[in-house]
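Please keep the sequence and the model in view while reading.

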Amino acid sequence: MSDSLRLLVKNAKQVVMVCKNGENFLTKDGMQNLAVLENASVVIGHNGLIEAVGPADSIESRFREAVFDHVLDATGMCVLPGLVDAHTHPVWAGDRVHEFAMKLAGATYMQVHEAGGGIHFTVTHTRATNPETLLQGVKGRLERMLRAGTTLVECKSGYGLELNTELKMLNVIDAARKTMPIGISSTYCGAHAVARGKTMEEATEDILSVQLPAVQKQISAGNLQVDNIDVFCEKGVFDLNSTRRILQAGKDMGLNINFHGDELHPMNSAQLGAELGALAISHLEEVTDEGIAAMARAKTCAVLLPTTAYILRLPCPRARDMLDAGVIVALGSDFNPNAYCCSMPMVMHLACVTLKMSMPEALAAATINAAYALNHSQSHGSLEPGKQGDLLIINAPRWEHLIYQFGSHQELVRFVIIKGNIVYENDKVLDL
Ligand SMILES: N=CN[C@@H](CCC(=O)O)C(=O)O
Ligand SMILES: [Zn+2]
């Protein structure tokens with residue numbers, strides 16, 4: 001009897017596996033030497049997992065008798081792993097286009113925040129918005145990310161800063177996970193800012209004695225899935241001691257530590273994260289040499305967010321120093337009302353130009369290493385047999401076009417595939 005399989009993608013000009021030996025992450029040398037097959041095909045089974053990746057002729061002879069639900073002829077096109085976005089804030093109401101104008105006129109991020117704008121503005125609007133409306137908003141944003149090639153995305157709460165709205169946001173993220181094909185890693189970020197009217201100490205106590213126990217109760221009852229804990233460790237937000245207490249409490253609940261650190265001021269967040277066994281720390285524009293060394297030793301991933309430095313005109317995170325020191329470097333879009341970017345291809349382009357990463361480094365950072373930052377690199381981030389069949393097919397003769405053609409992902413991405421199912425098909429791609 002012949003095999004029955006879900007999908008064959010055949011005759012691609014290039015198939016970028018990223019890595020091929022089951023690596024959970026890549027550091028500098030590995031990132032510079034990605035596994036790329038020329039004239040290759042990919043097979044995905046009915047379990048949604050990759051059955052085989054290899055030269056087109058050997059796949060053809062091995063699967064000659066097989067029956068496929070779908071066959072895509074990728075002649076002249078390239079296949080890449082689904083992109084992984086390791087840092088987003090997609091659940092909110094009330095845009096901040098007016099603040100973009102203020103920042104263009106010279107206001108800093110913290111000036112806007114301290115004047116009651118920024119996160120506080122979004123908190124006011126998010127608290128006042130019902131879950132159905134928030135869900136509609138997040139679905140539209142995740143759909144845009146999917147069309148740009150993202151197949152796994154981290155999504156944070158953090159525009160509630162009190163129990164009910166934080167739970168509302170986490171439930172909205174859960175509802176998106178249950179109803180959309182895109183993979184979601186959910187993060188409790190109740191310590192995203194100190195709520196107006198509270199001191200940092202009061203906010204910390206509220207998180208430790210009210211919010212986290214209630215989140216834990218929902219998780220234990222099977223009503224909610226939360227994967228990570230986050231704190232904005234920053235001068236004027238949460239100091240090192242409060243950050244430590246909140247992250248440790250989250251870790252004790254079984255959550256992965258994945259937090260904002262060393263963004264606007266050197267806070268020694270990197271050293272703290274390494275000490276606590278953090279899986280990832282985001283931003284790091286102001287990380288010190290000691291912080292970089294500690295992260296390399298602890299295998300704590302640096303999630304770099306080139307959109308933040310670009311929009312806020314901040315110094316860029318020192319990607320090259322981190323790579324040279326052996327840090328695992330990943331990328332995220334940082335999608336939020338301050339940094340309105342849904343496109344990992346644009347993030348990779350910015351990482352190359354502003355952070356001085358090479359294109360192979362940027363792709364590794366947006367696939368296998370971003371999957372590592374979310375504890376998903378056993379199943380995501382590369383095209384290897386046994387991994388989830390998440391990939392994109394681009395209409396270009398070399399994979400690097402996805403990064404090189406700035407802002408052209410809508411024209412380049414022909415198919416997005418998750419678990420072997422076609423979840424986005426673009427028949428309007430234009431040959432240039
Ligand atoms: N820096 C803190 N948090 C977000 C911004 C959130 C906001 O401004 O709404 C970030 O990662 O850039
Ligand atoms: Zn953030």
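His87 and His260 are both buried, that is, under 20% relative accessible area with a 1.4 Å probe and protein chains only, where exposed means over 50% and partly exposed lies in between. The model is predicted, with local features needing pLDDT of at least 70 and side-chain atom pairs pLDDT 80 or more, while totals for chains, interfaces and linings use all residues. Residues are numbered from 1 along each chain as its sequence is written, chains are lettered from A and ligands numbered from 1 in the order written, and side-chain values use heavy atoms, without hydrogens and water.

His87 lies in the loop between strand S6 (83–85) and helix H3 (97–104), whereas His260 belongs to strand S10 (residues 256–261), 173 residues apart, so that the pair links distant parts of the chain. Helices (H or I, at least four residues) and strands (E, at least two) are DSSP runs, numbered from the N terminus.

Ser185 is part of strand S8 (residues 183–191). Ser185 counts as buried because its relative accessibility is 0%. Its side chain forms a polar contact of 2.9 Å with the side chain of Asn228; such a contact is a pair of N or O atoms within 3.5 Å, and within protein one must be able to donate a hydrogen and the other to accept it, residues adjacent in sequence counting only if both atoms are side-chain atoms.
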